[in-house]
Amino acid sequence: DIINKVATLMPTNVYFGDLKIDGNKMSTSAKAKTSADVAKLVSNFVSSDEGKKLFSSVTIDSLASVSDPTTNQLVYSFSVSMQVMDAKTSGEEIKN
């Protein structure tokens, strides 16, 4: 299952807001505690053996530092998109 595989690649302080898979393209909005967490996520997706099997063309589409309204702490809000290598995920959509 693609979702379980993605979860193993996510750093501890990265949270997806929603995740959409359309054909072989996956996109999500997310929040991270630090910019290093964002970089680690991308690194895991493009450099790890499992990430290379799952994804290609990983792109950060937007990135901003914002104040989290529930904690008043600075977080990094971003969106990321990528091509999914496994066609069996076609049509899945998950929203939180």
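Serine 57 is exposed (over 50% relative accessible area; buried means under 20%, and partly exposed lies in between; 1.4 Å probe, protein chains only), with a relative accessible area of 53%. The model is predicted, so local features need pLDDT of at least 70 and side-chain atom pairs count only at pLDDT 80 or more, while totals for chains, interfaces and linings use all residues. Residues are numbered from 1 along each chain as its sequence is written, and side-chain values use heavy atoms, with hydrogens and water left out.

Serine 57 lies in strand β3; helices (H or I, at least four residues) and strands (E, at least two) are DSSP runs, numbered from the N terminus. Its phi is near 50°, a positive value in a residue other than glycine. Asparagine 72, in the loop between β3 and β4, also has a positive phi, of about 60°. This residue is exposed, with a relative accessible area of 65%. Most residues other than glycine have a negative phi.

In helix α1 (residues 2–9), Ile2, Val6 and Leu9 are the buried residues. They fall within an arc of 55° seen down the axis and so line one face of the helix, the arc being that of the directions from the helix axis to the C-beta atoms. Asn4 and Thr8 are exposed on the other side of α1.

Buried in α2 are Asp37, Val38, Leu41, Asn44 and Phe45. Their arc is 125°, so these residues also line one face of the helix.
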